[in-house]
Amino acid sequence: MNEMRMLFVVLIPFITGILISVMKFRSRKNMLLFTEVMAILNSILVFLLLLYRPEGALTVFRFTGNLSIRLQLDGMGALFAGMSAILWPFALLYAFEYMKGEKGEKTFFMFYVITYGVTLGIALSENILTMYFFFEMLSLITLPLVMFTRTREAILASRTYLYYMLGGAAFAFVGVIFILTYGCTSSFVPGGVMNLVKIGDKTNMMYLIYIISFCGFAVKTAMWPFSAWLPKAGVAPTPVTALLHAVAVVNTGAFAVMRITYFSFGIRLLRGTWAQYTVMGLVIVTIVYGCSRALKETHIKRRLAWSTVSNLSYILFGVVLMTPLGLVGAMAHMLFHSFMKICSFFCAGAVMHKTGKSYIHELDGMGRKMPRVFVIFTVSALALMGVPGLCGFVSKWYLAKAAMESEDTVAWIGVAALLISALLTAIYMLTIVVRAFFPGKDFDYDRLPDVKDPGWRMLVPLVFFVVMMIVFGLCSGQVMELLQEIAAMSVS
Amino acid sequence: MDILLLVSLLLPATAGICLLLGSFSEHLRAVKQEPRKLPWLPPVVAVVLTVSVALVLSAAWTGRRSMTLFTLVDGLPVYFKVDEISRWFVTIVSVIWLAAGFYSFVYLKHEGEEKRYFGFYLLLYGVLVGLDFSGNLVTMYLFYELMTLVSMPLVLHNGSREAIMAALKYLFYSMCGAYGGLFGIYVLYRYCDSLTFTAGGSLNMTSVSGHEGFVLVGIFVMILGFGVKAGMLPLHAWLPSAHPVAPSPASAVLSGVIVKSGVLALIRGVFYVVGADFIRGTWVQYTWMILALLTVFMGSMLAFREQGFKKRLAYSTVSQVSYILFGLSLLTPMAYVGALLHTAIHAVVKCGLFLVAGVFLYCFEYTKVDELKGLGKRMPAVMWCYTLFSLALIGIPPTAGFISKWYLAEGALKSDTGVISWLGPIVLLLSALLTAGYLLPIVMKGFFPGEEEDEKHSGKVRISWFMLIPLIVLAALAVLLGVFPQILTGYAVEAAGVFGWEVGL
């Protein structure tokens, strides 16, 4: 029974989603209330699960031999599940206001809620097969959300999205097969499962397979050269872009890479090899590439999407350092980046929702019309830049510390890349801020559309995220200790 | 927890934030409104500023205070400590802030948006005090970043397109510099015992061994990074764009004080965390010296060629601050003392010069050097102040500039840095000539404009005491500090003493 609770939290969102589509609601409000209550309930269940952690694993379904769908909760999974449980109710609240008046709301909320369950499924996966199963499912479930507006642009974007996801999954699948073949077990075991006897002298092949599966899973984090899908997917409604394409889906990719690196292949096999340097090189290129593209982009959501590309590679950089400290930095950035990026996306979305404007040059002087939104956006920009006192500084500090301690030239170049990227971040974020607040002395404020700050449904999530950024920035001690414990458990 | 220290940090910052909130909410309520008169604003700001300066100075000069606020990251607390360098810098900042603050009360009528201006002005004072009192590198970095962000709105104050572009340029160059500094901090965190400032540094030689090359690269990047704020080559281009477009009192504090934060950061990084011995004689020291000397020369040349008055002063800042950097880069006691002295003296003089430029702008809207003719008769007091500032900046005895340059040149000659030990003084001398060349013509034309000018521009112009008194005080300082140099040199020699250095002339 104790272990069954894990299945519940995964299934409740599925059931909620299906109920939304089949039930007849008397009004829109009732549907929203139902959705929100179910999401909060599920989040409470997740937190109960984290507090009273079930020790064992739960076999949901057995195919054959050791191939089975199994759920288990470990430290890293707990982090990911907890993060999702915090974000989903807030994102839903925001979506209620954002989606007002859109056609096909029901379908939207159905898929939106289901993704919650899928993400939890990934967090709770006990073995590589389960993770792969949910991983695929996430690609498919989010597809209708990308396609939601049904414009030509959206359909083209969703096609790109599908190709990239399927391609990535195919690469990842190769990795899964090899892990099943050369591993002692399919489960995730701290330190890795590779059977060195079986591998024998085929280590170089294993390195190649690692790179292939790394790339396969990293398609979801939009690593270069697989990053083109993410900015295109920005045609989806903002709640989707913000929660899924800036946080959940991309973090899933990073999470999967953590799993295969630390729990399947094992860092003992990989550290110091050409496989490590290859992926580290790719990651470092992405860090700078994403930022440069963001700088060039004039559409606000696409700019933020490119920024996500770069920031996700911060996480991967921490992962491929292959030290416990690197993992701490990676997890910290995964957690903090979620808050920063969802916050900046929600701000962008609020402006787009209110004014219909989506290009940066159209935002001149908007800081006076929507002061709260733009103040919050400024805080998230500063956090992304890594100004001390906000959470971005903390995670970058740990990433840089880990890179320094590894005493490795490529890692040192990585630190330089982090700082170059921070500078570019400052440029592409603060130009928006300066434009919005200081449009110039001859600016005619009457030209702006007559809009105000959005309602409480949008503001509550925004304020919450800002508070989290400041809290994590000022008192990161306990969170970091927790992450250090998790990292220590994941390596031994 | 030291209450006095905390209050002296928080008082100006809180007052500034209150003013900013007031200004912001005003904008929200009424978009279109005639600019209101704010008779209460100058007295309130004056009181807050005076009280904070009094608190700050008493916190600085009574005992060696220290305080830990909370832990920012990874066992690194936000830690404040008052030591000899903090006292030196915080006193400079306070004097300049008072002078430019009082000057602003009248000047800002010319610019508008007074609430926003004074809000950022007070907030920036709090941030600078925090920077000066910082006790470790991470705290310093925190305030360093904040300083950039808070001083940026002063640059774009008048809201013209040029000002906004200059502010962005300032912001991005500064960020670039700050991240360079951060790279150094990352490196030093790995290879130092602690990032708390200790005289002579705390580099852990056992962990450095084998990685000397990399550590030197880290230190070099840090020097370049913090050098950006001080306008050192190759990243000096922001300074001549950003300083002139700000309102004149803001230019005065930017050029007089904010650039010195780069100097402070370098002193802290090089002398208090790394330790001078580690980089003495390495390529880092030589490159640093050469960059500083090049900047000294290039800044003066550009100033000489420039026709905009404030822009000329800004180029002059580029050149003069690199005197200080050159003094630091020599890593000898005498030059270190010279650098400290020049920090104080240049702050006073350059602040004064920009305030003079502000008077010309305020009264006549003069911006070009050619327009400044015959002003000696129209406002003799201001012109005399300008003359004194010019002489001090050139370094003619008995003004203050002479003392600092003497120490710098002497320090260079006594150092064993090969060619540079004699090339340095020559460059300094050349630059002094150029300084005379770009400052003194204004004095000449001011007092002796030639005949045809006399007709057009005549009649005395009165200016407010609020603007005149700061000028006179600063001019008096520029002379008195040269006549009685012991006030400064005594303390600077003492400050060099913490490294076990003895300085005798």
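The model is predicted, so local features need pLDDT of at least 70 and side-chain atom pairs count only at pLDDT 80 or more, while totals for chains, interfaces and linings use all residues. Residues are numbered from 1 along each chain as its sequence is written, and chains are lettered from A and ligands numbered from 1 in the order in which they are written.

**Contact between the chains**

Two residues are in contact if their C-beta atoms, placed from the backbone, lie within 7 Å. Helices (H or I, at least four residues) and strands (E, at least two) are DSSP runs, numbered from the N terminus.

**A helix pair in chain B**

Two packed helices are described by the angle between their axes and the distance between the axes. For H5(B) (residues 137–155) and H6(B) (residues 161–191), the axes come within 9 Å and cross at roughly 175 degrees. The axes are lines fitted to C-alpha atoms, for helices over the stretch in contact, and angles run from 0 to 180 degrees between N-to-C directions. H5(B) and H6(B) are therefore roughly antiparallel, a label for angles over 145 degrees. Residues of H5(B) in this contact include Leu137(B), Tyr141(B) and Met152(B), and those of H6(B) include Ala163(B), Tyr170(B) and Leu188(B). The contact of H5(B) with H6(B) divides into 16 nonpolar residues, three polar and one charged.

Two strands pair if DSSP finds at least two bridges between them. In chain B, S1(B) and strand S2 (residues 76–81) run antiparallel and are joined by five bridges. Met67(B) has Phe80(B) in S2(B) as its bridge partner. Two residues separate the strands of this hairpin, and Asp74(B) in the turn has a positive phi of about 55 degrees.

In chain A, strand S1 (residues 58–64) and strand S2 (residues 67–71) also pair in the antiparallel sense, over five bridges. The bridge partner of Phe61(A) is Ile69(A). This hairpin has two residues between its strands, with Gly65(A) in the turn at a positive phi of about 50 degrees. Of the seven residues of S1(A), the number buried is zero, so S1(A) lies largely in the open. A residue is buried if 20 or more other C-beta atoms lie within 10 Å of its own, exposed if 12 or fewer, and partly exposed in between, with C-beta atoms placed from the backbone.

**Buried helices**

H16(A) (residues 371–385) has 15 residues and reaches 21 Å from its first C-alpha to its last, close to the 21 Å expected at 1.5 Å a residue. The expected span is 1.5 Å times one less than the number of residues. Twelve of the 15 residues of H16(A) are buried, so this helix is largely enclosed by the rest of the structure. The buried residues include Val373(A), Phe377(A) and Leu384(A), and they pack against elements including helix H14 (324–355) and helix H18 (409–437) of chain A. Just after H16(A), Gly386(A) takes a positive phi of about 90 degrees.

In chain B, H8(B) is mostly covered, with 13 of its 18 residues buried. Gly231(B) follows H8(B) and has a positive phi, near 70 degrees.

Most residues other than glycine have a negative phi, and most peptide bonds are trans. The table lists exceptions.

| Site | Feature | Value |
|---|---|---|
| Trp224(A) to Pro225(A) | cis peptide bond | omega near 5 degrees |
| Leu233(B) to Pro234(B) | cis peptide bond | omega near 0 degrees |
| Ala222(A) | positive phi | about 60 degrees |
| Glu407(A) | positive phi | near 45 degrees |

Pro225(A) is in the loop between H8 and helix H9 (229–232) of chain A, and Ala222(A) lies in the loop between H8 and H9 of chain A. Ala222(A) is buried, with 27 other C-beta atoms within 10 Å. Glu407(A), in the loop between H17 and H18 of chain A, is partly exposed, with 13 such atoms within 10 Å. Pro234(B) lies in the loop between H8 and helix H9 (238–245) of chain B.

Key:
Angles under 35 degrees count as roughly parallel, over 145 as roughly antiparallel, 65 to 115 as roughly perpendicular and the rest as oblique. Ala, Val, Leu, Ile, Met, Phe, Trp, Tyr, Cys and Pro count as nonpolar, Asp, Glu, Lys and Arg as charged, and the others, Gly among them, as polar.
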